[in-house]
There are 2 protein chains.
Amino acid sequence: MSGQDNVRPDTARRVLAAVEELGYRVHAAAASLASGRTRVLGVIVVSTDRYSSAALGVGIQQAAAANGYTVSTAAVADHASAEAFLEAFDRLERQGAEGIILGVPLELESPAMRARTERTPATRSERTSLEEDAPLAVDQRAIARLAVEHLLDLGHKTVWHVSGDDYWTETQQRSEAWEQTLRDRGIVPPPLIPADWTPESGYRAGRTIAAIPEATAVFVSSDEMAFGLIRALHEAGRSVPDDVSVVSVDDIALAAYASPALTTVRQPFEAMGRAAALRVIAQIEGHEAVGEMPSTDPQLIVRSSTAPPRSVS
Amino acid sequence: MSGQDNVRPDTARRVLAAVEELGYRVHAAAASLASGRTRVLGVIVVSTDRYSSAALGVGIQQAAAANGYTVSTAAVADHASAEAFLEAFDRLERQGAEGIILGVPLELESPAMRARTERTPATRSERTSLEEDAPLAVDQRAIARLAVEHLLDLGHKTVWHVSGDDYWTETQQRSEAWEQTLRDRGIVPPPLIPADWTPESGYRAGRTIAAIPEATAVFVSSDEMAFGLIRALHEAGRSVPDDVSVVSVDDIALAAYASPALTTVRQPFEAMGRAAALRVIAQIEGHEAVGEMPSTDPQLIVRSSTAPPRSVS
DNA sequence: TTGTAAGCGTTATCAG
DNA sequence: CTGATAACGCTTACAA
């Protein structure tokens, strides 16, 4: 049954026939008790219905299935404490997960995490900084740079920034890169406008922006927020992109159907999920890589929410 | 350790101290081999990044965690065959799932499924017809009725329908109810316009509708499609809701931020997920219900994409 | 209240 | 190539 070849064909046939006849099925718990392997991948996610989590999940599932792994998910509340994450980690470990993918902003470098990752491999799925986990992560700084430079190249004098939830590490990384990119061009960054990923928070940020006549270009940290932001701008009588250009991040399925269609920096969530899963699997099995690693480079998608500023056009 | 009370306090303390000191943790596989229980819930989902799946998932996780269950997910490709679903079911069973939630249009009544559900309880998570699984499912017919009647009550002469993917059972149920509701008011239903849940398909349907001057009211089977549809209408120079009213289904997070904000029939996905999980858990544990059952009634949310027809207003 | 022992259903090793 | 047997780490029933 395990597919070894030191069995007489006839015997194998007889065994398989018996399996069929008796409806025999291996008992996973017994098998993993005996073999010491579970082939279970754990995933920690924050309890959210955001597009990014869902898309990430399909990538993870895909890679897991392709390699004979099964995935077990533990959800923690949004904004949960580090302790809650560690607890989820322990739950997953106890349940037999051989490797764990963190879809949450859990610092891999803390002592508590270090202790854990020594016995069971773990990786940040998305939004990992380049330093933390070399060449497979999505470079959040590149995302911000792509967005800001697109706007600047269009002729805008400066770029405002609506950031995501502070809780997430990529928020800070993008903010820093936004600031840096502006400074590199000799521009003093305007004050940052904080938000929290939700369309509602984007809407609120939009009202703030609308009250600033000189704001002509905005870099918003997610498409979801961009929807809210644009709505607020329209309500204030400011046209997008004629009065203000906006570029966001993610390229969710609906981005192309916003009014106007969003110019956005695509994050390849599925590929990121696949890459994360392949990475832990490689660690579990102790080799370098499984299959080919999907590319996770962010990409600027230019649509209709950006244009040169009025004065220039 | 199992929390029984027939132990001298002092002994318990000593045991717990040892647990702590040695870093002892129960081995789940060994435990479930011995006890015959895994406390694992299986979920079969189609591999998609749609909002509904994600939201459903958070509900399932919530109820599972609250009852000490862990969830294991198996993804199947969208439009997969019934065999693929059955295979996923088997995979989950083999892995020890004590109950399975189907987030897919798998007929529970087929002989193959019957054979399986006899040994491990299963339930359709979402989109279940009332007949199949009495009072906890979402009544797809009520959804269609709510939408169509709202439009008719506004004064529209008839209502066109853009349906979801045929693959899903709720598609047919909604189409039937749309048709029935019209007939009940003595209206002959116009031809149905088929689509497949994606914004793209909604866009295509929108072009079709735009070419029909007498169409003033549309019932679209998902918010995602409504985004595409409205975009197409606008491109054709038809205003929403002035020229055509549209009501959709789901009330996704972005529905309120569409232009115009969508009038939609809300499906309480999280509650549905919670209800589904509670249902299987109840079956597993052999009692009637665990905790209070969340209500899963659909609800019409009136926003700005509907209005009386021009001729009437 | 505590200690003991018999499984649970596999895998893996080893002698034939 | 085949068959027998000892773990794997826990739960549970029962004896003390």
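Chain B and chain A bury about 3,600 Å² between them, and carbon and sulfur atoms give 55% of that. Buried area here is the accessible area (1.4 Å probe) that two parts lose on being put together, summed over both. The model is a predicted one: local features need pLDDT of at least 70, side-chain atom pairs count only at pLDDT 80 or more, and totals for chains, interfaces and linings use all residues. Residues are numbered from 1 along each chain as its sequence is written, chains are lettered from A and ligands numbered from 1 in the order in which they are written, and side-chain values use heavy atoms, with hydrogens and water left out.

**Where the two chains meet**

Each side of the contact (heavy atoms within 4.5 Å) is made of 44 residues from its chain, A or B. How many salt bridges are there between chain B and chain A? The count is 4, where a salt bridge is a side-chain nitrogen of Lys or Arg within 4 Å of a carboxyl oxygen of Asp or Glu. One salt bridge joins the side chains of Asp90(A) and Arg25(B), at 3.9 Å from N to O.

Now for the strands, which, like helices, are DSSP runs numbered from the N terminus (helices are H or I with at least four residues, strands E with at least two). Strand E2 (residues 70-76) of chain A pairs with E2(B) in the antiparallel sense over 3 bridges; to pair, two strands need at least two bridges found by DSSP. In this pairing, Ser72(A) sits opposite Ser72(B).

Ser72(A) is also among the residues touched by Gln95(A), along with Ala28(B), Val40(B) and Thr70(B), not counting residues up to four places away in sequence. You'll find Gln95(A) in the loop between helix H4 (82-94) and strand E3 (99-103) of chain A.

**Some polar contacts**

A polar contact is a pair of N or O atoms within 3.5 Å; within protein, one must be able to donate a hydrogen and the other to accept it, and residues adjacent in sequence count only if both atoms are side-chain atoms. Here are a few:

| Residue | Partner | Distance |
|---|---|---|
| Gln95(A), side chain | Thr70(B), side chain | 3.2 Å |
| Tyr24(A), side chain | DNA strand C, sugar or linking oxygen | 2.9 Å |

**Around the DNA**

The largest share of the surface near DNA strand C, 4 residues, comes from H2(A); near means a heavy atom within 4 Å.
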